[in-house]
Amino acid sequence: MAREPKNFDHLLGGNAKGLSDAQLKAHFTLYQGYVKKLNEIREKLGTADRSAPNYSFNEYSELRRREPVAYNGTVLHEMYFENIGNGSTSPDEHAKKLITASFGSVDAWIADTKAALMSAHGWVLTVFDYEDGKLHNNLVHSEHHAGVFANVHTMIAVDAWEHAYFFDYQTKKADYVANVLSGLNWDVLNKRLAMVGGNKAG
Ligand SMILES: [Fe+2]
């Protein structure tokens, strides 16, 4: 069944800190393109000939190889649009405890996230790692699926591809990063973080 793009119009009108409606609308369009491609790939996979898979080229093989790009392009944008906001919310006690246990302090997490976002174009994902029960920053760059840690649960997604900010900020990426991090929607993030952590990170 085809996936429908989600609507994030609630962010328009100044509800995503530092992002204009024009910037957001262009980004929504790009996100909708990933949903369309994910649907296209999965529809073709439904009937693709599985008799001659090949590393160099084969239709089925290539569809499977590109599926993670469209999947992560879809899901990470949805997580990003869900977790950005206007700065009116703050981390709850569980979120603060888990972030502090993982990075030393909330400020240290912000400092590391800023540094990671400035390190390359791509995504910075704050992920819960089932290996050690702590949060880590995971830099995913060059493609939406390149570099993703295997045994983790994505908690926070921040988009630092140029298309996410260039209309509003041009080369002033650090200003975008500062605004998006101070505007995060902690009502959403607190719920995500409540799913993990337990006593392990305590
Ligand atoms: Fe994006």
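Student: How much space lies in the largest pocket?
Tutor: Heads-up: this is a predicted model, where local features need pLDDT of at least 70, side-chain atom pairs count only at pLDDT 80 or more, and totals for chains, interfaces and linings use all residues. Residues are numbered from 1 along each chain as its sequence is written, and side-chain values use heavy atoms, leaving out hydrogens and water. A pocket here is an open set of points on a 1 Å grid over the protein atoms alone, with protein on both sides within 12 Å along at least five of seven lines. Filling the largest one with probe spheres set on its points, joined across faces, edges and corners, gives about 170 Å³.

Student: Which helices each supply at least two residues of that pocket's lining?
Tutor: Lining residues have an atom within 4 Å of a point, and the list includes Tyr 34, Lys 37, Glu 59 and Arg 66. Taking helices as DSSP runs (H or I, at least four residues) numbered from the N terminus, the two contributors are helix 1 (21-47) and helix 2 (59-83).

Student: How many residues of the largest pocket's lining are charged?
Tutor: Asp, Glu, Lys and Arg count as charged; Ala, Val, Leu, Ile, Met, Phe, Trp, Tyr, Cys and Pro as nonpolar; and the others, Gly among them, as polar. Among the lining residues are Lys 44, Glu 40 and Val 69. By class, the lining has 5 nonpolar residues, no polar ones, and a charged count of 5.

Student: Is Ala 101 buried, partly exposed or exposed?
Tutor: Ala 101 sits in helix 3 (residues 93-103). Buried means under 20% relative accessible area and exposed over 50%, with partly exposed in between (1.4 Å probe, protein chains only). Ala 101 has a relative accessibility of 22%, so its class is partly exposed.

Student: How far apart in space are Ala 101 and Leu 135?
Tutor: In sequence, 34 residues separate Ala 101 from Leu 135. Going C-alpha to C-alpha, the distance is 8.4 Å.

Student: Why do the buried residues of helix 3 fall on the same side?
Tutor: The buried set is Ala 95, Leu 98, Ile 99, Ser 102 and Phe 103. They lie on the same side of helix 3 because the arc they cover around the axis, taken from the directions to the C-beta atoms, is only 105°.

Student: Which residues are exposed on the other side of helix 3?
Tutor: The buried residues of helix 3 are covered by elements including helix 4 (106-117) and helix 7 (186-194), with contact meaning heavy atoms within 4.5 Å. Over on the other side, the exposed ones are Glu 93 and Lys 97.

Notes. 1 Å grid on protein atoms, 1.4 Å probe; cavity = no way out; pocket = protein on both sides within 12 Å on 5 of 7 lines; lining within 4 Å.
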